[in-house]
Amino acid sequence: MLQFDTIIIGAGISGLYQLHKCRDELNLKTLVIEEGSDIGGTWYWNRYPGARCDSESHTYGYTFSKKIYKNWIWKEKYPKQNTILKYLKFVEKKLDLKKDILFNNKIISARYLERKNLWKIETNKNKVFLTKYLICAVGSLSSANIPKIKGLNAYKGKYYHTGRWPKKKVNLKDQVIAQIGTGSSGIQVAPEIAKVVKKLVIFQRTPNYSIPARNKKLTKEIINNYLKNYEKIKKLIKKTPGGHTFSFPNRSVFDFSKIERDKIFEKAWLKGSLAFRACFGDITKNLKANQKASNFIKEKILKIVKDKKIAKILTNFDHPFTSKRPTLNTNYYETFNKKNVQLVDLKTNPIIKITKKGIKTKNKDFNFDKIIFATGYDALTGPLLSLNLVGKKQIKLKDYWSKIPKSYLGLMIPKFPNLFIIQGPGSPSVLTNVPVQIEQHVEWITHCISFIELNKKRSIEASLSSAKNWSNEIKKLADASLFMKAKSSWYKGDNIPGKPKVFIPYPGGLPRYRNICNKVEKNQYKEFLIK
Ligand code: NA7
């Protein structure tokens, strides 16, 4: 049985950086185990047509190395999936990481052996490893959720989930396609496939607010500008709540007349970016201010979509703007003006079952060649639970987290010593520009392991009281936010039957979170049990 100092699960953005830190900086014997056949994590699996990042490219990557930052050129405002994979391959080559990655191996169990103070890891290829430190770099949105709709097994056509899209080209040309789900992925995939299919029927449960991305090729001037400003950008994205280049101004929606306000919204709408929500400081905080933004978006959609009935279904919002994941789009609303695109409102015409040939709703029987599920993920906790983690005293993570995903800082779990999580429940994770959060996590974990090693300690574990306080802190911040005003959202586990209904990520913003983590480190991990 091979033994390592550190095993990292997942070869995405976080796993790759963590490997570099543990192997090259701490000189630990380190292995990454990855289910896919190559690096990329989220971007390895999300190969659906139109898959693109919503963060601006020059902020979506590593900033720890000036050399890496300056030697990679982003050519578009928003990088597409394949470009991010190329970028990660470029980084992998620079750091020579692949030699320490085991591909095509899915973890089926990870058990803490108390007496040995080691984690025993088993993969689906019957490989077994031991390690002192286990780092879960499994991503927040990697457990694809295909809802259990009656009859799916009987369906004779092929079906796909956007987050598990096949490597081999899926033929959609001239076919009749169903798309279920209109979140970030659904909003990206629909305009792309509508270009080639005979007919696309989109099944919408809840309408989503979407801002134009206005993707474009970056000019030489823009590229030179961001390369020149590497230090500035690196500093800036660490200071803003979401790890983007924008922060929230002090100005309120109510400081302006409707005409002035709409001018500001219009400018942001034409620019296109997640920064639309930061037109005013109170959009994400105050329900009445929020309504002004949501009304503006609604009016825009009503203008774009020609069929009034469809426009109404697309704007029948049941939640405040940004209380669910805000999305960017390229011609999403325009797609509904195409003759080959149809919208089904599941609120009034729900799915009864999937049939051999397609989908039966309350009002109609549809036949489809293929079904696309853009139905999201068992977010944040799902990827960790799928590892079948067993901690001290044989406690299973799925039992330990049955009511609430207890952790301290989203980084460590009581009763699971020497187990670290990157982008886990309780961390700002999905509420941020992810690579910025990842760098912070990886660096914190690296310092923590270094501390344990330098002090010749056996193990570190989050205390029960710190985890309890952390859950309370998350609840307090979430209750005061608009996030809890969404009737149903994956931020609070509503999309998965049986999942605890609590707000999962830390909603206090990156700078505040970073300060807490820094203090913990400075105080030599007093909130943890160290043996
Ligand atoms: P999301 O944002 O979870 O969106 C999933 C969509 O699927 C959303 O519109 C859901 O409607 C819909 N959905 C889920 N289950 C069903 C069922 N059973 N029937 C009909 N419709 C359903 O996932 P995405 O992949 O789009 O985005 C996830 C993240 O990936 C995103 O934040 C980016 O970071 C990338 P609902 O709104 O729940 O009514």
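Leucine 236 touches His244 and Thr245, when residues up to four places away in sequence are left aside. The model discussed here is predicted. Leucine 236 belongs to helix H7, which spans residues 230–239. Its relative accessibility is 35%, so leucine 236 counts as partly exposed. Along the chain, leucine 236 and tyrosine 209 are 27 residues apart, and their C-alpha atoms are separated by 27 Å.

Ring pairs link Tyr209 into a cluster with Phe256, Phe265, Trp269, Phe276, Phe280, Phe296, Phe317 and Phe321.

A pair of aromatic rings is described by two quantities, the distance of the centres and the angle of the planes. Across the whole structure, a search finds 49 aromatic pairs. In one of them, the ring centres of tryptophan 74 and tyrosine 87 are 4.9 Å apart and the planes stand at 40 degrees; the pair is therefore tilted, since that angle falls between the limits of 30 and 60 degrees. Tryptophan 74 is located in the loop between helix H3 (66–70) and helix H4 (81–95), whereas tyrosine 87 is in helix H4, so the pair ties together parts that are 13 residues apart in sequence. Both tryptophan 74 and tyrosine 87 are buried.

Aromatic rings also take part in another arrangement, in which an arginine lies over the face of the ring, as the table shows.

Conventions
Residues are numbered from 1 along each chain as its sequence is written. This is a predicted model: local features need pLDDT of at least 70, side-chain atom pairs count only at pLDDT 80 or more; totals for chains, interfaces and linings use all residues. Side-chain values use heavy atoms; hydrogens and water are left out. Rings of Phe, Tyr and Trp (its six-membered ring) pair if their centres lie within 6.5 Å; planes under 30 degrees apart count as stacked, over 60 as edge-to-face and the rest as tilted. Helices (H or I, at least four residues) and strands (E, at least two) are DSSP runs, numbered from the N terminus. Buried means under 20% relative accessible area, exposed over 50%, partly exposed in between (1.4 Å probe, protein chains only). A charge sits over a ring if NZ of Lys or CZ of Arg is within 6 Å of the ring centre and within 35 degrees of the ring normal. Contact means heavy atoms within 4.5 Å.
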